[in-house]
Amino acid sequence: MKELNDLLQQIENAILHWGKQNTTISQVTVGWQLDHSLLVINGIISQLAQSNPNHYQWRPNWKRTYIQLRNSIPRGKTKAPKQVRPVDNTSIEDLQNKLASAKNNMALLEKLDKNSYFTHPYFGDLNLKATIWFLKLHTRHHLKIVNNIINKG
């Protein structure tokens, strides 16, 4: 959990740069990247909390295995699902509210059953441990983009 909390701190530090954009790095702003990351974190934790651990069943998935071995998400290869795609330009206040929710949700993660799960559109069902791995991987991916925009924008 410490690494996820550290990543949330990095998101918090980047919020001040929410309006920056560099189209050679990404077609969207820092704010979009942060908003998307927070929507993913909050949405997935909500799904975990609502899942029935008795229904979780591990299945092999070559896409998940490939990404786990690479331990990185290739840039620009997939589109974010509609439910975690920010709809419009977000404000600093909106990002701060979503960040506060994410921090509260971190405490919930520690209380969930190990077979709580969510269904990823490409990787299938991910239990708690695999979900935490994914949340870290996904958040690091977007923070790299954010940092590239901030440092080169």
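Analyst: This is a predicted model. Its largest nonpolar core has 38 residues, and those with the most contacts inside it are L8, I11, L34, I41, L109 and F134.

User: Which elements give two or more residues to this core?

Analyst: Those elements are α1 (2–14), α2, α4 (92–109) and α5 (128–152).

User: And where does the largest share come from?

Analyst: Helix α5 supplies the largest share of this core, with twelve residues.

User: Let us pick out I41. Which helix is it in?

Analyst: I41 belongs to helix α2, which covers residues 30–50.

User: Is I41 buried or exposed?

Analyst: I41 has a relative accessible area of 1%. The cut-off for buried is under 20%, so I41 counts as buried.

User: What does I41 touch, leaving out residues up to four places away in sequence?

Analyst: On that basis, I41 touches L8, I11, A102, M106, L135 and T139.

User: How far apart are I41 and L135, in sequence and in space?

Analyst: They are separated by 94 residues in sequence, and their C-alpha atoms lie 6.6 Å apart in space.

User: Changing topic: what happens at the start of helix α3?

Analyst: Helix α3 spans residues 62–70. At its start, a side-chain oxygen of N61 comes to within 3.0 Å of the backbone nitrogen of K63.

Terms used. Residues numbered from 1 in each chain as written. Predicted model: local features only at pLDDT ≥ 70, side-chain atom pairs only at ≥ 80, totals over all residues. Heavy atoms only, no water. Polar contact = N/O pair within 3.5 Å; in protein donor to acceptor, adjacent residues only side chain to side chain. Helix = DSSP H or I, 4+ residues; strand = E, 2+ residues; numbered from the N terminus. Buried < 20%, exposed > 50% of the residue type's maximum accessible area, 1.4 Å probe, protein only. Contact = heavy atoms within 4.5 Å. Core = buried A, V, L, I, M, F, W, Y, C linked by side-chain atoms within 4.5 Å.
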